Amino acid sequence: MRLVFAGTPEVAVPALDALLDSGRHEVAAVVTRPDAPAGRGRRLVASPVAQRAEEAGIEVLKPAGPRDPAFLERLREIGPDCCPVVAYGALLPRVALDIPVHGWVNLHFSLLPAWRGAAPVQHSIMSGDQITGASTFLIEEGLDSGPVYGTVTEEIRPTDTSGDLLTRLAFAGSGLLAATMDGIANGTLKAVPQPAEGITLAPKITVEDAKVDWAAPALRVDRVVRGCTPAPGAWTVFRGERLKLVQVTPVPDRTDLAPGQLAVGKNSVHVGTGSYAVELVWVQAQGKKPMRAADWARGARIAEGESLGG
C-alpha cells in the first residue's frame, strides 16, 4: 500500500522503521507535529519522527493542525491507501479521516477497550495491572473507540517504570503495525468492534496526579513512582520544596514509621506509608541532578522526626 505515517515522539520511531524495512509498502510521506522549543536555549527542534523521515529522504508534513487546508490538499494529492498512526498528538477531523482508502490505523499502547486515552502505560502501572499490550485499530471520531485489527500482550514487570514498559511496547507494537498493514493490503484482516464491557479511561497524568500520598499503602506509592517515571515525575515536599522521587523499593518488614516519617540509616533512607515502609533509592532535589537517596540525606542532614509530604 501507499502509506502516510503520522507520529511525533521517539516512541513512534520503531514503527516507522518497521514500515520502512518491511519492503511491502511505500511510505510516501510523514505527518508530525511542528518543530518545538527544546533544551536550555529553547531553539526549535524537529520531532524524532521528522528527523528519522528526513534521514530516509521522505517528505515531511508539519501542519499546525490536521484541519489545515493546505495539509488536507497535499494529503489528497499524495493519495494514501492507509495512514498508520503512532502518538501523533492531535485529534483527526472527519475530513482527514475520509481521505485514505483504508482510513487511519492507530497503534495504541493498551489492550483495548482498557485504557483509552493519552496515558495508557502510566495508568496500567499505577493501577497494578500485571498484563498490558498494544492494539491496532481503525480510528473513528470517538476516543480510541474504533474496531480492533490485532493485539500483542506484554507482561508488566515488578520494577517497570512507564518508560521501561513503553520502550518494550514500542518495539513489540512496531511489528504488530507492520503486520496489520500487510493484512489490510491483502484483504485477510478485518477489524472487530470493541466489546462494550471493560472500558477504562487513561487521561493525561498531571503534575498533581504525580504527588505521592504517604497515607496510601506502600504498593500504591511504588506504583505511582514507577508510573510517573520518567514523566511527569513523582514528587513530594521536603522542607517546603519539591523533592522528585525517581525510584523507591517497598520494605514489607518495616512497619514502625508513620506515613511520611523519615528514618535515615548509614546507607538507607526509609519512609513510612499507610502500610509498611518504602526505601528511597534515587531522588532529585529541586535544582539538582538525580542522586542516591543516602547521599541526599547526608547532605540534607535530616533530623530525627522529620517527614515528607508537607
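**Note on the predicted model**

1. The largest pocket has a volume of about 1,100 Å³. Sorted by class, the lining of the largest pocket holds 23 nonpolar, eight polar and five charged residues.

2. The second largest pocket holds about 370 Å³ of space. Its lining is made of 19 residues, and Arg157, Pro158, Thr159, Asp222 and Arg226 are the closest to its centre. Helix H7 (218-227) and strand S11 (241-251) each supply at least two residues of this lining. By class, the lining of the second largest pocket divides into eight nonpolar, six polar and five charged residues.

3. For the chain as a whole, the count is eight helices and 15 strands. The protein chain has 310 residues, and 49% of them count as buried. Its C-alpha trace spans about 70 × 45 × 30 Å along the principal axes.

4. Is strand S2 (residues 26-31) largely enclosed or open? Five of its six residues are buried, so S2 is largely enclosed by the rest of the structure.

5. The pairing partners of S2 can be followed in the model. Strand S1 (residues 2-7) pairs with S2 in the parallel sense, over five bridges. Within this pair, leucine 3 stands opposite valine 27 in S2. Between the two strands the chain passes through helix H1 (residues 13-22), and this β-α-β crossover from S1 to S2 is right-handed. S2 also pairs with strand S5 (residues 59-61), again in the parallel sense, over three bridges. Here the bridge partner of alanine 29 is glutamate 59 in S5.

6. Just after H6 comes glycine 187, with a positive phi of about 75°.

7. Strand S11, which supplies residues to the lining of the second largest pocket, pairs with strand S14 (residues 277-285) in the antiparallel sense over eight bridges. In this pair the bridge partner of glutamine 247 is tryptophan 282 in S14.

8. Histidine 270 stands opposite glutamate 279 in S14.

9. S14 also forms a hairpin with S15, with five residues between them. Glycine 287 lies in the turn of this hairpin and has a positive phi of about 80°. Two bridges join S14 to strand S15 (residues 291-292), and the two strands run antiparallel. Tryptophan 282, the bridge partner of glutamine 247, stands opposite arginine 292 in S15.

10. Alanine 303 is found in the segment after helix H8 (293-300). Its relative accessible area is 42%, so alanine 303 is partly exposed; this class lies between the cut-offs of 20% and 50%. Alanine 303 and leucine 75 are 228 residues apart in sequence, and their C-alpha atoms are 63 Å apart in space.

11. Threonine 200 lies in the loop between H6 and H7. With a relative accessible area of 28%, threonine 200 is partly exposed. Threonine 200 and glutamate 279 are 79 residues apart in sequence and 31 Å apart in space, C-alpha to C-alpha. Glutamate 279 is the residue of S14 that stands opposite histidine 270.

Technical notes. Residues are numbered from 1 along each chain as its sequence is written. This is a predicted model: local features need pLDDT of at least 70, side-chain atom pairs count only at pLDDT 80 or more; totals for chains, interfaces and linings use all residues. Side-chain values use heavy atoms; hydrogens and water are left out. On a 1 Å grid over the protein atoms alone, a cavity is a set of points where a 1.4 Å probe fits but cannot get out, and a pocket is an open set with protein on both sides within 12 Å along at least five of seven lines; lining residues have an atom within 4 Å of a point. Grid points are joined across faces, edges and corners, and a volume is the space filled by probe spheres set on the points. Ala, Val, Leu, Ile, Met, Phe, Trp, Tyr, Cys and Pro count as nonpolar, Asp, Glu, Lys and Arg as charged, and the others, Gly among them, as polar. Helices (H or I, at least four residues) and strands (E, at least two) are DSSP runs, numbered from the N terminus. Buried means under 20% relative accessible area, exposed over 50%, partly exposed in between (1.4 Å probe, protein chains only). Two strands pair if DSSP finds at least two bridges between them. A crossover is right-handed if, with the strands pointing away from the viewer, the path from the first strand over the helix to the second runs clockwise.
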